[in-house]
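Subject: Handover of a structure and notes on its features

Dear colleague,

Please find the structure below, passed on to you for your own work. My notes on it follow directly after.

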Amino acid sequence: MNEILVGYVFIASAVCFALMGIDKSRAKKKKWRISEKTLFTFAIIGGACGGVVAMILFRHKTRHAPFIFGFPMLAMIQIFFLIYLNK
């Protein structure tokens, strides 16, 4: 069960990371963007760690308070639950 949960969080993080990268690329090209609601949805359902890494690597959404505080907070909560559930 715990391996499945860790795998799920890993996949959700990879998806969130990819979405942030795609959104940053589209922002540079002035193309259609991925909504902030979609980005937050993937962070909430388990992808916050990938979102935080993407924020740092892509320098994306680093001026938006909901992302600056929300993604790291969600990541900490998700990491806490992963550790708690693996005891």
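A residue is called buried when its relative accessible area is under 20%, exposed when that area is over 50%, and partly exposed in between. Ile 77, with a relative accessibility of 40%, is therefore partly exposed. Please bear in mind throughout that this is a predicted model.

**Nonpolar surface patch**

Ile 77 is part of helix α3, which covers residues 65-85. The residue also belongs to a nonpolar patch on the surface, together with Met 73, Met 76, Phe 80, Phe 81, Tyr 84 and Leu 85. The accessible area of these residues together is about 750 Å².

**Nonpolar core**

The largest nonpolar core has 13 residues. Those that touch the most other members are Met 20, Leu 39, Ala 43, Ala 48, Met 55, Phe 67 and Phe 71. The largest share comes from α2, which gives 5 residues.

Once residues up to four places away in sequence are set aside, Phe 67 touches Glu 36, Leu 39, Phe 40, Met 55, Lys 61 and Pro 72. Leu 39 and Met 55, both in this list, are also among the core residues that touch the most other members. Glu 36 and Lys 61, likewise touched by Phe 67, return below as a salt-bridged pair.

**Salt bridges**

The count of salt bridges in the model is 2.

The pair Arg 33 and Asp 23 is one of them, with its closest N and O atoms 2.9 Å apart. Arg 33 sits in the loop between α1 and α2, whereas Asp 23 sits in helix α1; the two are 10 residues apart, and the pair links distant parts of the chain. Arg 33, at 34% relative accessibility, counts as partly exposed. Besides Arg 33, Asp 23 is in contact with Ile 34, Leu 39, His 60 and Lys 61, leaving aside neighbours within four places in sequence.

Lys 61 and Glu 36 also form a salt bridge, and here the closest N and O atoms are 3.1 Å apart. Since Lys 61 lies in the loop between α2 and α3 and Glu 36 in helix α2, the pair ties together parts that are 25 residues apart in sequence. Lys 61 has a relative accessible area of 8% and is therefore buried, while Glu 36, at 37%, is partly exposed.

Most residues other than glycine have a negative phi. Against that background, two residues deserve attention. Arg 59 has a phi near 50 degrees, which is positive, and Lys 61 has a positive phi near 65 degrees. Arg 59 is placed in the loop between α2 and α3, and Lys 61 is placed in that loop too. As to accessibility, Arg 59 is exposed at 66%, whereas Lys 61 is buried at 8%.

**Cysteines**

How many disulfides does the model contain? The count is 0. Cys 16 is in no disulfide, and the nearest cysteine sulfur, which belongs to Cys 49, is 9.7 Å away. A disulfide would require the two sulfur atoms to be within 2.5 Å. Cys 16 is buried, with a relative accessible area of 0%, and Cys 49 is partly exposed at 24%.

**Val 6 and the other end of the chain**

Val 6 is found in helix α1, and its relative accessibility of 39% makes the residue partly exposed. Between the C-alpha atoms of Val 6 and Ile 83 the separation is 9.9 Å, although these residues are 77 residues apart along the chain. Apart from neighbours within four places in sequence, Val 6 is in contact with Leu 82 and Asn 86.

With kind regards

Definitions and conventions: Residues are numbered from 1 along each chain as its sequence is written. This is a predicted model: local features need pLDDT of at least 70, side-chain atom pairs count only at pLDDT 80 or more; totals for chains, interfaces and linings use all residues. Side-chain values use heavy atoms; hydrogens and water are left out. Patches are made of residues with over 30% relative accessible area and no salt bridge: like charges are joined within 9 Å, nonpolar side chains (Val, Leu, Ile, Met, Phe, Trp, Tyr) within 5 Å. Accessible areas come from the Shrake-Rupley method with a 1.4 Å probe; for residues, only the protein chains shown count as cover. A salt bridge is a side-chain nitrogen of Lys or Arg within 4 Å of a carboxyl oxygen of Asp or Glu. Helices (H or I, at least four residues) and strands (E, at least two) are DSSP runs, numbered from the N terminus. Buried means under 20% relative accessible area, exposed over 50%, partly exposed in between (1.4 Å probe, protein chains only). A nonpolar core is a set of buried Ala, Val, Leu, Ile, Met, Phe, Trp, Tyr and Cys residues joined through side-chain atoms within 4.5 Å. Contact means heavy atoms within 4.5 Å.
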